[in-house]
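Here is a short briefing on helix packing and pockets. Take a look at the model first, then read on.

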Amino acid sequence: MSVVVANPSASDDYFRFFGLNQQFNIDLPALEQAYLAIQKEVHPDRHARGSDTEQRLAMQMATLANTALQTLKSPIQRGLYICQLHGVDAKLETNTAMPAAFLMRQMDWRESLDEQAENLPALDALMTEVEESKQETLAEIAQAIDGAKNYARAAELLRGLLFIDKFAVELDDTIAALI
């Protein structure tokens, strides 16, 4: 097992910080293992007798490790982060333009949710469809980032995945209210 050492100079790249390759499809257990190794190293108790500077650096590294872990664990945040590293801003706040076919599918889902709000089997079937769409989109994002290195396309797909995720949460809440 390799020892991970918190490297302050790698703080500009969360992948390098954890000693991982920069890619969308990451080894989540390896990420978790690197995170735990760094947290163990920078834990405040290990630096309680250190200088103020050492304590402050340890706290900064612990905070950075937490932020980096949360970013890389989430597929959406990881994808957006990779795009950002390559100079592509997804412009989530201002760019809401989506392909017509995607918007039609969203409208169909919303209509199904409204019409079937009391029909648990229909809602379960809709959830299966939404989850399949999410998995297809994740695969397309992985291909755009890891395969084609097309970060603009990945950003577009990530914007769509945000819509899918938001709808999935709404659908899940509706199903939970029926159970």
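Helix 4 and helix 7 cross in a left-handed way (the near helix is turned anticlockwise from the far one by less than a right angle). This is a predicted model, where local features need pLDDT of at least 70, side-chain atom pairs count only at pLDDT 80 or more, and totals for chains, interfaces and linings use all residues. Residues are numbered from 1 along each chain as its sequence is written, and side-chain values use heavy atoms, without hydrogens and water.

**Helix packing**
- The axes of helix 4 and helix 7 lie 10 Å apart at an angle of about 155° (lines fitted to C-alpha atoms over the stretch in contact, with angles from 0 to 180 degrees between N-to-C directions).
- Helix 4 and helix 7 are therefore roughly antiparallel (over 145 degrees).

**Helix 7 and the largest pocket**
- Helix 7 gives the largest share of the lining of the largest pocket, five residues (helices are DSSP runs of H or I, at least four residues, numbered from the N terminus; a pocket is an open set of points on a 1 Å grid over the protein atoms alone, where a 1.4 Å probe fits, with protein on both sides within 12 Å along at least five of seven lines, and lining residues have an atom within 4 Å of a point).
- Of the 14 lining residues of the largest pocket, Phe102, Thr137, Glu140, Arg153 and Leu157 lie nearest its centre.

Technical notes
Helix = DSSP H or I, 4+ residues; strand = E, 2+ residues; numbered from the N terminus. Parallel < 35°, antiparallel > 145°, perpendicular 65-115°, else oblique.
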